Amino acid sequence: MAKMMSDKPDGCCPASCLKYVLCLYNFVFLLSGCVVCGLGLWTILEKWVFVQLMASVTYEATTWLLVCTGCLSVLTALLGYTAIAYESRCLLAWYTILLVIIFMFESVIGLLSYVYQEQIDTDLQDSLRDTFINTYSLDMENTQAVDNIQTKYSCCGSSGFSDWTGSPWHLQHPGMAVPDSCCKTVSPGCGVRDHPSNIAYTGCIHRFSTSLSQHLLMVGSISLCLALLQVLGVILTSCMFSRLHKMDKYRPARYGRNTSK
């Protein structure tokens with residue numbers, strides 16, 4: 001293989017050197033795919049309560065797009081190693097096309113993350129009370145999500161603890177002031193007293209918004225940085241494709257001259 005790559009060592013960068021540079025890039029690309037896939041899976045496992053309570057599908061779409069892009073990146077990196085090993089222009093062309101597609105996906109993820117950060121507060125104010133308060137005790141998944149958020153972020157209600165007054169849950173439990181998950185020390189029936197020494201008075205919308213904004217900022221930054229990495233990959237694969245094309249043209253002529261001697 002090394003002999004094949006050195007058939008025409010013209011130019012400032014020999015084909016064998018370009019091959020090793022592309023292998024190094026592909027290794028970094030493989031790691032980046034694992035990072036993106038891991039980030040998406042971590043979002044699903046740790047931040048799924050956000051997805052359940054968000055009325056907009058933007059956050060959920062961004063999360064699943066992360067996972068799909070990460071998996072596609074890993075498969076593309078394996079294809080890249082195959083193309084380099086066999087010096088196949090066909091596989092290299094497919095590798096370049098997939099790099100462009102991944103670049104587009106990661107750019108979309110980054111732009112969605114940054115744009116949605118500007119809409120978080122408005123979206124939460126318009127929809128969080130409906131999904132947070134009005135479905136509590138009626139939808140078990142939402143109920144568990146609300147309890148997890150109130151316990152994790154030490155908050156109560158959407159805008160404040162008073163949101164629970166007159167809610168469907170409160171009508172079913174008239175003797176309770178707030179759900180037990182609002183209590184500073186959670187225990188069965190602790191939500192009877194709404195004294196500040198017993199429950200959190202801060203609404204969850206503020207901490208919900210802050211945590212979600214920080215997560216989207218991280219996702220957007222990583223996605224856009226990795227999108228720039230694909231630009232370098234397209235340049236390297238284009239150089240490699242061009243070099244292989246020249247070698248294919250050069251090889252028959254050279255072998256023809258050797259035969260004639």
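**Close-up views of a predicted model**

**View 1. Cys183 and Cys190 are joined by a disulfide, with 2.2 Å between their sulfur atoms.** Welcome to the first close-up; please keep in mind that this is a predicted model. What is a disulfide? It is a covalent bond between the sulfur atoms of two cysteines. Look along the S-S bond of Cys183 and Cys190: the torsion there is about 115°, so this disulfide is right-handed. Both partners, Cys183 and Cys190, are buried. How many disulfides does the structure hold? There are 3, and the next two views show the others.

**View 2. Cys156 and Cys182 form a disulfide, and their sulfur atoms lie 2.2 Å apart.** The link of Cys156 and Cys182 is right-handed, with 85° about the S-S bond. It ties together distant parts of the chain: Cys156 sits in the loop between H6 and H7, Cys182 in the loop between H7 and H8, and the two are 26 residues apart. Are these cysteines buried or exposed? Cys156 has a relative accessibility of 0%, so it counts as buried. Cys182 is also buried, because its relative accessibility is 2% and the cut-off for buried is under 20%.

**View 3. A disulfide joins Cys155 to Cys204, with the sulfur atoms 1.9 Å apart.** This link of Cys155 and Cys204 is right-handed, at 95° about the S-S bond. Here too, the pair connects distant parts of the chain: Cys155 belongs to the loop between H6 and helix H7 (168-172), while Cys204 belongs to helix H8, 49 residues apart. Cys155 is buried, with a relative accessible area of 0%, and Cys204 is buried with 1%. Now count the bonded cysteines along the chain: which pattern do the disulfides follow? The pattern is 1-6, 2-3, 4-5.

**View 4. Cys17 and Cys23 are two partly exposed cysteines.** The relative accessible area of Cys17 is 36%, so Cys17 counts as partly exposed. Cys23 has a relative accessibility of 22%, which means that Cys23 is partly exposed as well.

**View 5. Helix H6 covers residues 140-152 and has one face lined by buried residues.** With 13 residues at 1.5 Å a residue, H6 should span 18 Å, and this agrees with its end C-alpha atoms, which are 18 Å apart. Which residues of H6 are buried? They are Asn142, Thr143, Ala145, Val146, Ile149 and Gln150. Seen down the helix axis, the buried residues of H6 fall within an arc of 165°, so they line one face of the helix. On the face of H6 turned away from that buried side you will find the exposed residues Met140, Glu141 and Lys152.

**View 6. Asp139 caps the N-terminal end of H6.** A side-chain oxygen of Asp139 lies 3.0 Å from the backbone nitrogen of Glu141. Beyond the helix, just after H6, look for Ser154, which takes a positive phi of about 50°.

**View 7. Ser223 is a buried residue in helix H8 (residues 204-260).** The relative accessibility of Ser223 is 2%, so this serine counts as buried. Where does the side chain of Ser223 reach? It reaches the backbone oxygen of Val219, at 2.9 Å. Apart from its neighbours within four places in sequence, Ser223 is in contact with Leu66, Glu106, Ile109 and Gly110.

Terms used
Residues numbered from 1 in each chain as written. Predicted model: local features only at pLDDT ≥ 70, side-chain atom pairs only at ≥ 80, totals over all residues. Heavy atoms only, no water. Helix = DSSP H or I, 4+ residues; strand = E, 2+ residues; numbered from the N terminus. Buried < 20%, exposed > 50% of the residue type's maximum accessible area, 1.4 Å probe, protein only. Polar contact = N/O pair within 3.5 Å; in protein donor to acceptor, adjacent residues only side chain to side chain. Contact = heavy atoms within 4.5 Å. Expected span 1.5 Å × (residues − 1). Arc of directions from axis to C-beta. Disulfide = S-S within 2.5 Å.
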